[in-house]
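Reader: Could you take me through one part of this model in some detail? I'd like a close look at a pocket and what lines it, and then whatever else you can say about the helices.

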Amino acid sequence: MNSERLHYLDALRALTMLLILPAHALALVGLRGGWNDVEASVYWTIHVFRLPLFFLIAGFFAALLARARGTRGLVRNRVIRIGIPLILGVLVVAPLITWEVQALSERPYRPHAQGLTAFVDPHPSFLWFLWYLVLIYAGALLIRCLLARMPVARGGLLRVGKRLLSRRSAPVLLAVPAALCLYWQPTWLADTPAESFVPHLDLLGYYSLFFASGWLLHAVPGLRESIEHRYLQHLALAALALPAALALYLLQSEPAVGTRSVFHLLALLLLSVATWSLSFGLLGLARRFGQQPHPTLRYWTDASYWIYLSHFPVMAAFALAISGLAMPEALRLLVLATATLALIFPAYGAFVRHSAIGRVLHGPRPRDTVHITRWKLTPPTAAAERRA
């Protein structure tokens, strides 16, 4: 499959990375005393689809890599792209974040990890999703090896997956197992298991469901296209489910709502319907309007992983710097997100893109593909574009 035709999927994956900037800005502001309903709504809306869509696309590209390079090639690629950043992030970045959050938070945060002891307190922190991805990759490769010896079972699973995902009602049908996976979560939203390497089996199953669906989108010819062509239907369903699910999320602290299991189940079902329909809708929307490659979009796509990995300690430092200033919360959020991006985005072009770090994160990139001048990106020449 021509990878140039899939750049819109890579751009969607980058979007799931970049949305962490407003999400973590909200999280840091929330350390000062919680959120109002608007802030909670924005945070909830981002998390309805961000990580499920990421795992869906990760499953698709995992299947693509497995077919193109085999199991050994897939493992080597993922060890470099995911394993190295995860290990370095846990050893270096997570302790820095521990110090910063301890200084910002009004409640005790990892009190056993004060000072240098933070460096001997391993936990995944905001990189937990990479750890879960490693576990899901291991499970997927094990299942792939087993199914390779059972062609009948493999064919049966592909047929069942195709029948399920190709239905117009797929977001509703898939919402049932997704909601069941989330049943034991403390809030009516997937939690963030950042405090320990011990996986939450319900969350592992939840994200595995999206990963497996993404794998099927590649393994079953024509399945992805059939889903993407119905993007307007999926977006319409998301528009119906999202407001109701959000209303229940905001009302869960009310005794008449939050203590009743019927509302709990309804909220999770609506959330899951919104998640699946919005994820499928965004796939089609990106295909519809992002078919033509664009140098600026390609550059931001390449930079997104670096932005994700490097943003949190920088943003927390800015949060500490302005913590004593009186300002509207909306302005504080804007300052945190824009100041962080203004620092780490130029650093990507200056120090990361063509360095060993860039080769780990996304592989080598031609130096003349995109020229960066301050914040403006100059498209490459035709000759440079052909070499890229």
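Author: The lining of the second largest pocket splits into 22 nonpolar, eight polar and four charged residues. Bear in mind that this is a predicted model. The second largest pocket holds about 1100 Å³ of space, and its lining runs to 34 residues. If you want to find the middle, look for Ala-27, Leu-31, Tyr-43, Thr-192 and Glu-195, which lie nearest the centre of that pocket. As for where the lining comes from, helix H2 (20-30), helix H3 (37-104), helix H4 (128-148) and helix H12 (295-321) are the elements that each give it two or more residues.

His-24 counts as buried because its relative accessibility is 11%, under the 20% cut-off. Who's around it? Setting aside neighbours within four places in sequence, His-24 is in contact with Phe-126, His-311, Phe-312 and Met-315.

Now for a pair of helices. The axes of helix H5 (residues 151-165) and helix H7 (residues 201-219) come within 10 Å, crossing at roughly 100 degrees. H5 is therefore roughly perpendicular to H7. On the H5 side, the residues that meet H7 are Leu-158, Gly-161 and Leu-165; on the H7 side, you'll find Ser-213, Leu-216, Leu-217 and Ala-219. Sort that contact of H5 with H7 by class and you get five nonpolar residues, two polar ones and no charged ones.

Definitions and conventions:
Residues are numbered from 1 along each chain as its sequence is written. This is a predicted model: local features need pLDDT of at least 70, side-chain atom pairs count only at pLDDT 80 or more; totals for chains, interfaces and linings use all residues. Side-chain values use heavy atoms; hydrogens and water are left out. Axes are lines fitted to C-alpha atoms, for helices over the stretch in contact, and angles run from 0 to 180 degrees between N-to-C directions. Helices (H or I, at least four residues) and strands (E, at least two) are DSSP runs, numbered from the N terminus. Angles under 35 degrees count as roughly parallel, over 145 as roughly antiparallel, 65 to 115 as roughly perpendicular and the rest as oblique. Contact means heavy atoms within 4.5 Å. Ala, Val, Leu, Ile, Met, Phe, Trp, Tyr, Cys and Pro count as nonpolar, Asp, Glu, Lys and Arg as charged, and the others, Gly among them, as polar. On a 1 Å grid over the protein atoms alone, a cavity is a set of points where a 1.4 Å probe fits but cannot get out, and a pocket is an open set with protein on both sides within 12 Å along at least five of seven lines; lining residues have an atom within 4 Å of a point. Grid points are joined across faces, edges and corners, and a volume is the space filled by probe spheres set on the points. Buried means under 20% relative accessible area, exposed over 50%, partly exposed in between (1.4 Å probe, protein chains only).
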